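Here is a short briefing on salt bridges and strand pairing. Please look at the model first.

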Amino acid sequence: LAENYLPDAELDDGSCTGSPVNSSDFTYAGELDGHYYYLSNTFSNWEEAKIKCENSSGHLVTISDSEENTFVANIYDIGTYADTNDGETTSRLWIGLYDNDASGSVNDFGWITGEEFTFSNWHGDEPSNHNSERYVVTNGGAFGYWVDKTNAYNYYSVLELETGCTD
């Protein structure tokens, strides 16, 4: 944790010292079960989001159950879930799920951390692998549902750390 960690803090006031999170890239969004979550400050494609998360000593969020899925979906929910490439007009968020070999089979999706893929919340006919879609967003089509997208889309992303700064 940061040198000046405050367990009861509810707001990132910029005074965090010693945090591995780059404050120009991410803003603190909350804590759940000992994990810390940050919302990106800018839109990016999935590959760029992955690198930004790694540069802040974490990873794109991995989701293990419905409670965590709801928590993550609420981090940025503006009430619209449209298929758009404009992060300002949709609640879609990049998560750390991807199809490593792009074969189109749901069994080929996995978390970037290598942890077991046991929970999913696909929307409708997803994953579709339409136009070689390999990367996954939450809030796709409806609150908390997942859809696969290509790397050409730009959305906010969620950084997850097992330790972090919350003041």
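Leu 97 has Trp 111 in strand S5 as its bridge partner. The model is predicted: local features need pLDDT of at least 70, side-chain atom pairs count only at pLDDT 80 or more, and totals for chains, interfaces and linings use all residues. Residues are numbered from 1 along each chain as its sequence is written, and side-chain values use heavy atoms, with hydrogens and water left out. Helices (H or I, at least four residues) and strands (E, at least two) are DSSP runs, numbered from the N terminus.

**Strand S4 and its partners**

- Two strands pair if DSSP finds at least two bridges between them.
- S4 and S5 (residues 109-111) run antiparallel and are joined by 3 bridges.
- S6 (residues 135-138) is also antiparallel to S4, again with 3 bridges. Here Tyr 98 sits opposite Tyr 135.
- S8 (residues 156-161) pairs with S4 in the parallel sense, over 2 bridges. Leu 93 stands opposite Tyr 156 in that strand.

**Burial of S4**

- Buried means under 20% relative accessible area, exposed means over 50%, and partly exposed lies in between (1.4 Å probe, protein chains only).
- In S4, 7 of 7 residues are buried.
- In a regular strand the side chains alternate between the two faces of the sheet.
- One side of S4 carries Leu 93, Ile 95, Leu 97 and Asp 99, and the other carries Trp 94, Gly 96 and Tyr 98; both faces are covered.

- A salt bridge is a side-chain nitrogen of Lys or Arg within 4 Å of a carboxyl oxygen of Asp or Glu.
- The whole structure holds 4 of them.
- Asp 83 meets Lys 149 at 2.7 Å, N to O. This pair links distant parts of the chain, 66 residues apart: Lys 149 lies in strand S7 (residues 147-149), Asp 83 in the loop between helix H2 (66-75) and strand S4 (93-99).
- Asp 83 also forms a salt bridge with Arg 92, with the closest N and O atoms 3.4 Å apart.
- Asp 83 is exposed at 51% relative accessible area, whereas Arg 92 is buried at 5% and Lys 149 is buried at 4%.
- Salt bridges link Asp 83, Arg 92, Glu 133 and Lys 149 in a network.

- Glu 54 and Lys 50 form a salt bridge at 2.8 Å, N to O.
- The two residues are 4 apart in H1 (residues 46-55), so about one helical turn separates them.
- Glu 54 is partly exposed at 41% relative accessible area, and Lys 50 is partly exposed at 24%.
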